[in-house]
Amino acid sequence: MGQVVGAAMVSHHPGLMQCEEFRVLQGAGSDSDLIPGYARLRERILAAKPDVVMIFDSHWFTTGYHLIDGGMAYKGTYISDEMPWYLHGVPYDYRGHPELAFAIEAVARERGVRSKAIAHPDLGRHYATLNPLKQMRLEGFPVVTVSSCQNCQPRHFLESGAVIGEAIARSDLRVVMLASGALSHRFNEIDWVPNHPRIFHESNVSRPDNVESDKRAIARFEAGRHDQILADWDDDYRKRPWEAFGAHYLQMVGALGGAACRARGTPLSAYENARGTGNIHIWFDTV
């Protein structure tokens with residue numbers, strides 16, 4: 001019987017792909033703690049001994065279906081159309097796991113959930129998948145990426161996650177899940193002046209009440225109270241909003257049992273700003 005052997009909320013913000021010299025300059029003399037946080041996450045992932053790494057990609061927006069990468073392998077060179085002046089020329093080369101992708105589609109059909117595996121060889125990549133893979137050197141694992149379907153309500157993401165959890169349970173696979181994205185995700189304006197010289201400092205997050213909300217969520221993660229986060233979703237976290245309206249987290253927690261999930265979170269980085277958004281790495285022990 002397959003199982004989810006670990007899960008994490010993972011920041012992927014593109015500033016982390018800048019050179020170290022630039023990051024230290026932006027950090028007023030020290031690097032983002034998300035960088036050593038990647039090393040801490042890698043240790044947890046390797047210790048979990050997964051057969052597959054699954055990434056809920058908050059940049060892969062789809063319409064009409066939750067999509068699951070079903071290709072055999074992905075190889076190429078990535079350039080970001082969002083910020084090509086520095087995020088370019090990134091080579092990638094990793095395997096997929098089509099059996100798992102199509103098993104997820106099969107469970108979705110049984111349950112009447114709109115999830116589809118897609119194996120088109122020209123399907124593009126997104127840095128919400130590639131940045132964590134590169135930073136944590138995970139290209140040796142088969143990787144399955146899941147989209148963020150943009151015409152969904154929170155319940156649809158939870159349903160998608162539940163389908164994924166069932167498909168994993170029916171397999172013989174050990175899977176680590178990475179919810180790749182920020183918490184609150186409201187950008188500062190283009191001509192904004194930082195409140196603190198260390199660009200990563202939490203006072204540079206776009207709104208003080210977003211910081212307060214993010215920290216409430218982090219405390220609930222640490223306590224394993226995903227039920228409280230889901231109960232307050234519409235009145236709190238959805239209004240910020242979280243990146244991709246929380247599709248990355250909601251699908252991950254849906255696969256872990258939804259409101260019944262009590263997986264406790266361990267922060268593996270400081271809480272930091274990125275262009276006004278709230279970012280952190282948090283590992284969840286699931287077994």
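# Notebook: helices and rings

I started with a contact list (contact means heavy atoms within 4.5 Å): I35, Y38, L41, R42 and I45 of α2 meet P132, Q135 and M136 of α4. By type, I sorted the residues of this contact into six nonpolar, one polar and one charged.

I noted the ground rules next. The model is predicted, so local features need pLDDT of at least 70 and side-chain atom pairs pLDDT 80 or more, while totals for chains, interfaces and linings use all residues. Residues are numbered from 1 along each chain as its sequence is written, and side-chain values use heavy atoms, with hydrogens and water left out.

**How α2 and α4 pack**

Two packed helices are described by the angle between their axes and the distance between the axes. I found α2 (residues 34-48) and α4 (residues 127-136) at an angle of about 80 degrees, with axes 9 Å apart. That makes α2 roughly perpendicular to α4. The cut-offs are under 35 degrees for roughly parallel, over 145 for roughly antiparallel, 65 to 115 for roughly perpendicular, and oblique for the rest. Axes are lines fitted to C-alpha atoms, for helices over the stretch in contact, and angles run from 0 to 180 degrees between N-to-C directions. Helices (H or I, at least four residues) and strands (E, at least two) are DSSP runs, numbered from the N terminus.

**Inside α4**

I checked burial here: buried means under 20% relative accessible area, exposed over 50%, partly exposed in between (1.4 Å probe, protein chains only). Eight of the ten residues of α4 are buried, so this helix is largely enclosed by the rest of the structure. I picked N131 in α4, which counts as buried at 2% relative accessibility. Not counting residues up to four places away in sequence, N131 touches H12, H13, P14, M17 and L87. Just after α4, I saw that R137 takes a positive phi of about 55 degrees.

**On to α5**

Helix α5 (residues 154-170) has 17 residues and reaches 25 Å from first C-alpha to last, close to the 24 Å expected. The expected span is 1.5 Å times one less than the number of residues. I looked up F157 in α5, and F157 is buried with a relative accessible area of 3%. Skipping residues up to four places away in sequence, F157 touches H66, S148, C149, C152, A247, L250 and Q251.

A255 sits in α8 (residues 247-255) and counts as buried at 14% relative accessibility. Leaving aside neighbours within four places in sequence, I found A255 in contact with G161, A162, I164, G165 and M177. Among these, G161, I164 and G165 are buried residues of α5.

**Rings**

I searched the whole structure and got eleven aromatic pairs. Rings of Phe, Tyr and Trp (its six-membered ring) pair if their centres lie within 6.5 Å; planes under 30 degrees apart count as stacked, over 60 as edge-to-face and the rest as tilted. W85 and Y86 have ring centres 6.0 Å apart and planes at 70 degrees, so I wrote them down as edge-to-face. W85 counts as exposed at 61% relative accessibility, whereas Y86 counts as buried at 19%.

Y237 and W242 make a tilted pair, 5.3 Å centre to centre with 55 degrees between the planes, and both are buried. I also noted a cluster, where ring pairs link F221, W233, Y237, W242, Y249 and F284.

Note on methods. Nonpolar A, V, L, I, M, F, W, Y, C, P; charged D, E, K, R; others polar.
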